[in-house]
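Please review the chain shown below. The briefing that follows covers its architecture, its strands, its nonpolar cores and selected local features.

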Amino acid sequence: MEEGLRTNDDDPRLRPSEPRIHPSAELKETRLGRFVEIGQRVLLRDVAIGDFSYFERGCEAIYTDIGKFSSIAANVRINALDHPMERPTTHKLSYRPNEYFRFLPIDAGWREHRRAKRVAIGHDVWVGHGAVIMPGVQIGDGAVIGANAVVAKDVASYTIVAGVPARPLRERFPAEIAERLRRLAWWDWSPEVLFAAIPDMQALPIEAFLDKWETADIAAQSASSAKRK
């Protein structure tokens with residue numbers, strides 16, 4: 001877990017911070033932050049997931065890094081691996097022959113080729129139901145991916161994309177607001193500060209929220225909260 005989200009699990013305001021993993025999920029070489037949720041039948045391999053992010057049911061991801069507070073809807077596929085189209089066959093026979101024959105090892109070069117095409121998903125990203133993220137794609141903070149989109153190109157921060165292939169629909173916020181949100185980096189706040197900020201997230205227009213919290217003494221609020229425990 002990263003430094004900015006250390007918590008005192010004795011704080012009565014906080015639910016347990018251990019990741020919640022459904023028994024049917026399968027995780028291999030996966031690193032989970034605090035408050036992460038992994039739903040039913042999720043398959044993850046070599047994935048790093050930041051604090052508070054979650055996967056709904058039926059998702060698959062491999063070779064992926066995900067920031068904090070990102071929301072992955074059901075049946076999403078992240079890093080849908082490619083096949084060797086330049087070979088005589090695209091079948092796994094050529095890169096995983098060990099599944100059919102003795103004495104023929106897995107093609108380590110092809111595995112490293114795939115591993116090198118990691119997907120990176122930023123903070124506060126929403127990936128809609130059934131979307132497919134192709135190898136090597138980089139998705140910026142605050143972006144939104146529409147349901148059933150196929151994302152083959154990078155997505156800029158705070159941009160909404162949809163379609164097959166995915167194309168930009170509009171910006172989530174004007175450029176100035178998006179830049180202020182990136183500078184604010186609220187996803188790095190301590191849980192104590194988040195607890196105080198949530199009512200304003202719910203009630204204030206985005207500019208009013210930024211005006212208030214850009215000038216807030218975040219460090220002082222965290223220290224004050226710690227003293228009350």
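The chain holds five helices and 17 strands, where helices (H or I, at least four residues) and strands (E, at least two) are DSSP runs numbered from the N terminus. This is a predicted model, in which local features need pLDDT of at least 70 and side-chain atom pairs count only at pLDDT 80 or more, while totals for chains, interfaces and linings use all residues. Residues are numbered from 1 along each chain as its sequence is written, and side-chain values use heavy atoms, with hydrogens and water left out.

**Overall architecture**

- The C-alpha trace spans about 65 × 40 × 25 Å along its principal axes.
- Domain 1 covers residues 18-172 and domain 2 covers residues 188-228; these bounds come from an automatic or database domain assignment.
- The centres of domain 1 and domain 2, taken over C-alpha atoms, are separated by 32 Å.
- Of the 229 residues, 41% count as buried, a term that stands for under 20% relative accessible area, with exposed meaning over 50% and partly exposed in between (1.4 Å probe, protein chains only).
- Among contacts (heavy atoms within 4.5 Å) between residues at least 6 apart in sequence, 33% join residues at least 24 apart.

**Strand β5 and its partners**

- Strand β5 spans residues 43-49, and five of its seven residues are buried, so β5 is largely enclosed by the rest of the structure.
- Strand β2 (residues 26-28) pairs with β5 in the parallel sense over three bridges; two strands pair if DSSP finds at least two bridges between them.
- K28 has R45 in β5 as its bridge partner, and R45 also stands opposite I62 in β7.
- Strand β7 (residues 60-66) runs parallel to β5 and is joined to it by six bridges.
- Strand β3 (residues 31-32) is likewise parallel to β5, with two bridges between them; L32 has I49 as its bridge partner in β5.

**Nonpolar cores**

- The largest nonpolar core has 29 residues, of which F55, I78, I133, I139 and I145 touch the most other members; such a core is a set of buried Ala, Val, Leu, Ile, Met, Phe, Trp, Tyr and Cys residues joined through side-chain atoms within 4.5 Å.
- At least two residues of this core come from each of β5, β7 and β10 (119-121), and β5 supplies the largest share, three residues.
- Another core, of 17 residues, lies apart from this one and has F69, A185, A197 and F209 among its members.
- Leaving aside residues up to four places away in sequence, F55 touches E37, I38, G39, V42, L44, I49, A61, I66, I72 and I78.
- In soluble globular proteins, nonpolar side chains tend to be buried together.

**Helix α3**

- Helix α3 (residues 191-203) has 13 residues and reaches 19 Å from its first C-alpha to its last, close to the 18 Å expected at 1.5 Å a residue; the expected span is 1.5 Å times one less than the number of residues.
- At A197, shortly before the proline P199, α3 has a kink of about 40°, the bend being the angle between axes fitted to the seven residues ending at a residue and the seven starting there.
- P191, E192, V193, L194, A197 and D200 are the buried residues of α3.

**Glycine G140**

- G140 lies in the loop between β13 (138-139) and β14 (144-145) and is buried, with a relative accessible area of 16%.
- Not counting residues up to four places away in sequence, G140 touches G122, V125, V155, A156 and S157.
- G140 and T159 are 19 residues apart along the chain, and 8.2 Å separates their C-alpha atoms.
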